[in-house]
Amino acid sequence: MSNSGWKQDLARDLEAYSLGEEPSPFEMLRAPVIENWTTEVRRIGKEFKLVVRGQAKRHPDYDDGEDIRTAAIHWFDRKGRFARSAHRLYMLGEQRGDEIPIDGVDL
Amino acid sequence: MASKDSSRAKKRSGTADLLRLIAEDRAENGGRRPPPPSGHPALNLLLVGCWDDAFGVLHQLSESVIGEARAQRLLDVCGDRQAVQVEIRETVDALYSLGTHDAGALALAWSMLACRPSYPPGFRAVLPQLQYALDAADLDADLDVDVRERLRIWWAAGAGDYVREKRSMFAVTVAVLAGEIEKESALEPVKPFEPVDVAKWFRTPYPGPSLTVMPAAKATRLNNHNKPFAEILDKELPLVCARNLDQARKRLGHEFPHASAALSVLFKDLREGEPIKLRATILSGSPGCGKSRLVRKWAAAVGLQHQYRYDAATSADGQFGGTSKGWSNTEASVPARAVLQSRTANPLVFIDEIDKCTRAGSQNGSLMTSLAPFLERETAARYRDQSLDAELRLDWVSFICTANDVTVLPDYLRDRFRIVRVPAPQLVDLPLLAASIVDDMLLEEGDEWAGAVAPFAPDELRVMAKAWERAGFSLRKLQKIVLATLEARDACQMRH
């Protein structure tokens with residue numbers, strides 16, 4: 001399935017997000033989910049990109065629970081609900097907590 | 001119609017204000033050109049130099065969009081950091097809910113105000129959007145370069161490079177551009193070990209007491225054989241200071257229980273933290289009572305890393321005092337070489353078995369005669385080395401000798417030296433001595449015995465004592481006895 005119009009799609013989506021819109025429920029249902037996610041700013045030479053890491057769910061290319069790292073994110077929702085990379089919309093599940101669980105404490 | 005016009009006029013004046021403010025800011029920061037107008041308020045905000053300006057500009061720009069009430073509330077909470085953050089977040093939500101293009105752009109600009117360098121994740125909802133806006137914006141080349149440069153600093157902050165900064169991101173950007181903040185990342189990897197530049201280290205001045213052993217004013221040209229002395233020529237050499245004397249005293253007392261009198265004499269000359277200078281001393285005692293070992297351990301314990309060991313038994317001539325400069329292969333005196341080797345002004349020269357050297361009066365000279373000038377402080381302070389043909393200050397060099405029999409020494413040496421008797425160990429010293437011998441074996445002979453040695457049992461000690469008594473109380477014999485005991489123990493050990 002070719003998607004040669006991805007640039008227009010991206011521009012249209014970002015335009016919509018900057019107008020305060022959110023992905024439609026249909027898109028949300030269809031989008032892969034990243035659970036246990038964290039963000040990471042990576043350097044590409046002089047420039048930077050933001051990527052999200054976590055465990056994929058409902059991703060067409062990966063099994064559920066597989067660790068993935070997205071491509072450069074072009075729009076990150078301010079409330080951490082979704083993130084848009086060039087080709088894909090990701091829904092974000094639970095953010096990874098940095099706190100140590102009680103049963104994780106080694107006494 | 002009229003109201004629409006007026007609001008537009010107001011907006012234009014707001015943009016003009018922004019540009020004026022930016023121009024002032026620029027003027028403060030080196031008087032560069034004011035930026036030409038670019039559409040996106042968030043990109044303009046990147047050029048502002050402090051948070052207050054950014055807030056003022058943005059407030060003015062968005063007053064008409066967010067309404068009087070919210071604008072007033074924003075002003076009211078100003079000064080309370082937390083409340084402002086909350087209010088800003090609400091403003092952003094409100095702006096996004098308006099659903100217009102301008103409101104969206106302003107919302108992005110407002111969310112920039114909520115970013116703090118100390119909390120890098122706060123940047124993630126701003127940076128991709130800003131980058132996209134910048135890529136989409138059509139700025140002129142100079143401005144584009146400038147804005148991209150500043151955005152890169154924002155990205156670096158988002159990557160956690162400035163987490164220790166308490167200032168706002170706008171101030172940090174200005175500081176980074178001005179070169180005030182070097183990149184100081186908390187996440188930066190630890191630098192790998194860098195080898196010490198020894199030559200450079202020698203060139204740095206020594207903070208403690210020092211002494212020029214070889215002043216250039218009193219030296220002549222060095223010949224080929226003495227080239228190495230160029231390194232200490234006219235150079236201040238450190239004087240090694242005594243350290244950890246209490247600890248050393250205690251430890252050596254345990255290791256050499258029989259030599260406590262000799263140790264107390266050696267320690268008497270030293271003061272904690274002061275340069276080490278020992279009166280010339282001869283340790284005399286029967287063979288094998290641990291004299292050489294005592295000297296070595298004592299020097300290491302008080303902090304003398306450099307001891308020049310000279311074997312008198314092999315010395316058949318007066319080479320100790322250096323050979324004549326006119327000879328084809330000339331060599332400097334031993335104390336001068338010790339200074340050169342240690343790069344300190346007070347090395348220890350340790351002459352072993354001084355009574356075994358060629359007697360004074362022999363045709364080739366003798367260690368005994370050539371040693372004499374170094375022992376007197378008066379002459380040692382201006383000793384003219386015949387090989388270097390330079391006057392050296394060797395009065396800080398310490399001499400310790402060992403001897404079995406001091407009666408063979410000429411009277412001028414016996415006069416110059418302080419003679420300390422090291423008694424042979426006795427049976428009461430056996431437990432401590434045996435333990436220290438085992439310790440040394442473990443330390444020096446590697447791990448052949450490591451972990452296998454339990455303290456000696458009373459019956460073992462009794463057997464060892466009997467054997468030692470028969471052999472005469474020599475430490476060398478005791479070493480062999482200890483070794484034999486350990487081997488016997490190893491052989492008889494019960495194995496499963």
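A salt bridge is a side-chain nitrogen of Lys or Arg within 4 Å of a carboxyl oxygen of Asp or Glu, and patches are made of residues that have no salt bridge and over 30% relative accessible area. The legends below describe a predicted model.

**View 1. A patch of negative charge on the surface of chain A.** The patch gathers A:D63, A:D64, A:E66 and A:D67. A:D67 lies in strand β3 (residues 67-69) of chain A. With 60% relative accessibility, A:D67 counts as exposed.

**View 2. A salt bridge between B:R152 and A:E47.** The closest N and O atoms are 3.1 Å apart. The pair crosses between chains, joining helix α8 (residues 141-158) of chain B to strand β2 (residues 47-57) of chain A. B:R152 counts as buried at 15% relative accessibility, whereas A:E47 is partly exposed at 30%.

**View 3. A salt bridge between A:R78 and B:D93.** Their side chains meet at 2.6 Å, N to O. This pair also runs between chains, from the loop between β4 (73-76) and β5 (82-85) of chain A to helix α5 (residues 81-98) of chain B. A:R78 is partly exposed, with a relative accessible area of 33%, and B:D93 is partly exposed at 26%.

View 4. B:S284 is buried, its relative accessible area being 5%. Residues that B:S284 touches include B:K291, B:A403 and B:I419. The C-alpha atom of B:S284 is 9.3 Å from that of B:E353, 69 residues apart along the chain.

**View 5. Helix α12 (residues 260-268) of chain B and its cover.** The buried residues of this helix are B:A262, B:L263, B:V265, B:L266 and B:F267. Their cover includes α11 (245-255), β3 (281-284) and α13 (291-302) of chain B.

Definitions and conventions. Residues are numbered from 1 along each chain as its sequence is written. Chains are lettered from A and ligands numbered from 1 in the order in which they are written. This is a predicted model: local features need pLDDT of at least 70, side-chain atom pairs count only at pLDDT 80 or more; totals for chains, interfaces and linings use all residues. Side-chain values use heavy atoms; hydrogens and water are left out. Buried means under 20% relative accessible area, exposed over 50%, partly exposed in between (1.4 Å probe, protein chains only). Helices (H or I, at least four residues) and strands (E, at least two) are DSSP runs, numbered from the N terminus. Contact means heavy atoms within 4.5 Å. Patches are made of residues with over 30% relative accessible area and no salt bridge: like charges are joined within 9 Å, nonpolar side chains (Val, Leu, Ile, Met, Phe, Trp, Tyr) within 5 Å. Accessible areas come from the Shrake-Rupley method with a 1.4 Å probe; for residues, only the protein chains shown count as cover. Lys and Arg count as positive and Asp and Glu as negative; His and the chain ends are not counted. The place of a charge is taken as NZ of Lys, CZ of Arg, CG of Asp or CD of Glu. Lists of a residue's contacts leave out its neighbours within four places in sequence.
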